[in-house]
Amino acid sequence: MDENKLDKIDTFYDLKRMNGEDLEILAKNIREFLIEKVSKTGGHLASNLGVVELTISLFKVFNFDEDKIVWDVGHQSYVHKILTGRKGDFDSLRKFNGISGFPKCCESKYDFFNTGHSSTSISAAVGMARARDILNEKNNVIAVIGDGALTGGMAFEALNDVGYNKTKMIIILNDNTMAISENVGGMSTYLSKLRMGTGYNKLRSEINRTLNQSSVGKNLASSLSRFKHSMKQLVVPSMLFEDMGIRYFGPIDGHNIKDLCEVLCRAKNVDGPVIIHTITQKGKGYDFAEKNPCKFHAVAPFNFESGEGNVNTANTYSKEFGKKIIDLAEKNSNIVAITAAMPDGTGLSSFSEKFPKRFFDVGIAEEHAVTLAAGMAKAGLRPVFAVYSTFLQRAFDQILHDVCLQNVPVVFAIDRAGIVGEDGETHQGIFDISYLNLMPNINLVAPKCTEEVGIYLEWALKQDYPVAIRYPRGGDLANVQIEPIKKIENKSWEVIKKGEKVAVIATGKMVQHAIKALSLVNDKDVNPEVINANFIKPMDTEKIDDLCMAGYRIITVEDNIVANGLGHSITTYINQKHYKNRIINLGYLEKIVHQGDVNSLYKMHGLSPQAIADNIIKLYHEGE
Ligand SMILES: Cc1ncc(C[n+]2csc(CCOP(=O)(O)OP(=O)(O)O)c2C)c(N)n1
Ligand SMILES: CC(=O)[C@@H](O)[C@H](O)COP(=O)(O)O
Ligand SMILES: [Mg+2]
């Protein structure tokens with residue numbers, strides 16, 4: 001028995017030759033490797049610890065030189081990465097130019113489909129299965145989806161299609177009763193009833209084993225198996241998946257490699273869609289993560305022995321939002337809060353404890369959350385939907401069709417607006433200004449510092465039209481003197497510092513970058529004006545007129561793509577009014593901003609204080 005099995009594994013080919021106890025040792029080694037590496041880099045630990053045996057079994061049974069697998073969300077694909085030749089790259093996990101925390105086709109031929117946003121795996125896998133059938137190929141296609149991701153509407157749309165059309169594919173439902181927090185919803189309740197059906201499965205195996213010992217018994221067993229379905233219907237409350245046309249296998253212990261391999265082999269031979277319901281434990285094998293899977297869902301680097309990370313006492317935009325919404329809800333009983341499976345990340349956990357009846361976690365269902373909010377607002381409530389910028393993209397049509405066109409006063413608290421860093425391109429919140437700019441009626445505002453979140457929230461909840469408040473991940477820049485706005489009187493932009501010749505118009509946290517840029521140009525004989533575009537929509541066109549007529553050269557700064565962003569709106573306005581002022585738009589020119597730490601990304605994309613300072617100096621002296 002070799003205790004260092006993982007050292008001998010470079011790809012899954014080595015695993016194919018292993019059996020029984022060796023595979024258990026491999027699982028143990030992979031867990032130790034994951035805990036050690038993620039404690040240094042940070043990342044999605046708990047979900048990966050939960051799928052170690054499942055991933056090993058998949059590689060044992062299938063041949064991924066031909067077969068294809070899609071990992072839903074993809075945050076649990078680390079074991080897959082280890083077994084497909086990327087073990088040596090784990091020191092670079094989620095770093096710039098390093099391996100991604102999600103499947104990436106550009107990284108390995110074994111990553112068949114990029115994921116990051118939830119509930120896409122079944123649709124993508126059905127697509128691959130249909131392509132296989134039309135192209136007369138023979139490979140297996142597998143989607144691995146968590147119980148949390150199964151709450152997303154797209155997953156149901158795909159199940160509806162695959163069951164009806166009888167497409168041959170395997171869906172593995174990895175049920176650990178958790179999304180990031182405790183999983184919610186009717187489907188989650190249904191899955192727990194299925195889990196209780198384990199007793200039924202055990203009973204059935206016992207009966208079969210006993211009866212198969214004699215020939216009379218064998219006949220009885222075969223008759224019994226014909227009644228299997230009806231018997232199961234009696235014991236297990238209902239067979240939703242089977243009734244939809246999808247064969248259901250389970251529940252299976254997702255940490256038992258032997259059972260998993262057996263069921264995967266059976267599923268391989270079914271000529272139609274199969275769902276294998278595996279029960280796993282999130283955080284398995286690392287005591288701290290087992291006890292607190294939510295904390296270890298996505299972690300910053302931590303101490304491997306104590307399970308503790310650096311305690312971050314700094315205020316964040318999310319914390320500030322969480323505090324302020326409670327204050328406001330205490331005064332106004334019509335205020336309700338909605339989250340799509342992100343109560344902790346958005347800062348709503350305390351609200352949920354304080355106002356359980358006014359808090360709605362709808363699961364990973366951003367589209368539903370938006371229309372739900374619209375319905376609530378129409379019927380007299382003041383809903384606030386707190387959501388990450390990147391996930392709100394899901395609900396483009398609901399924002400337009402159900403909220404903006406009808407001018408319904410829903411408040412969107414858009415967290416993680418701007419780059420988020422290590423999660424990379426699927427999670428950067430750099431599109432919301434651009435897509436909300438298109439929409440009628442909605443106002444879009446951005447606090448320039450954490451302290452201002454509450455001021456805009458309070459203001460938003462007084463308006464009779466939709467308002468979106470966008471703010472970034474984390475907190476304020478260190479060592480930047482910033483004076484929070486006192487009150488929002490009208491929608492005019494805030495002049496942070498009067499100056500001449502060059503005006504920097506920044507929005508949100510970029511105002512802090514602009515202020516820092518001032519300290520970098522202090523001794524350069526320049527005196528720029530700095531303006532806070534707190535209202536991205538509507539813009540303060542009077543201020544733009546004043547600046548243009550006074551001959552200012554303008555630099556716009558936003559943590560968003562340039563296309564259809566704040567800078568583009570200002571440029572369009574200037575062109576329409578036939579002003580001839582010089583203008584530079586700073587923002588993301590490429591629409592893919594890769595993973596990395598945020599400060600390096602700001603530098604790389606020209607949004608660091610230094611980059612703003614360089615542009616100020618350039619424009620100041622232009623034409624001299
Ligand atoms: C559209 C969308 N909304 C929200 C998220 C954030 N998110 C990432 S993982 C996750 C929970 C997923 O739970 P589950 O599928 O059960 O996987 P587990 O972590 O339990 O393995 C959520 C809400 C996301 N990735 N995509
Ligand atoms: C996989 C996923 O979508 C989430 O786990 C996300 O990575 C969380 O991001 P935060 O760490 O910013 O809350
Ligand atoms: Mg789960």
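What share of the chain's 624 residues count as buried? The figure is 49%, where buried means that 20 or more other C-beta atoms, placed from the backbone, lie within 10 Å of a residue's own. Keep in mind that this is a predicted model: local features need pLDDT of at least 70, side-chain atom pairs count only at pLDDT 80 or more, and totals for chains, interfaces and linings use all residues. Residues are numbered from 1 along each chain as its sequence is written, while chains are lettered from A and ligands numbered from 1 in the order in which they are written.

**Overall build**
- You'll find 26 helices and 17 strands here; these are DSSP runs (helices: H or I, at least four residues; strands: E, at least two), numbered from the N terminus.
- Along the principal axes, the C-alpha atoms fill a box of roughly 100 × 55 × 50 Å.

**The core**
- The largest nonpolar core has 170 residues; such a core is a set of buried Ala, Val, Leu, Ile, Met, Phe, Trp, Tyr and Cys residues joined through C-beta atoms within 7 Å.
- Ala 125, Phe 385, Ile 469 and Val 504 have the most contacts inside it, a contact being two residues with C-beta atoms, placed from the backbone, within 7 Å.
- Beyond its neighbours within four places in sequence, Phe 385 touches residues including Ile 338, Ala 369 and Phe 412.

**Helix 6**
- Helix 6 covers residues 121–134, and its buried residues include Ile 122, Ala 125 and Met 128.
- Among the elements covering those buried residues are strand 1 (68–71) and helix 7 (153–165).
- Just after helix 6, Asn 136 has a positive phi of about 55 degrees.

Key: A residue is buried if 20 or more other C-beta atoms lie within 10 Å of its own, exposed if 12 or fewer, and partly exposed in between; C-beta atoms are placed from the backbone. The expected span of a helix is 1.5 Å times one less than its number of residues.
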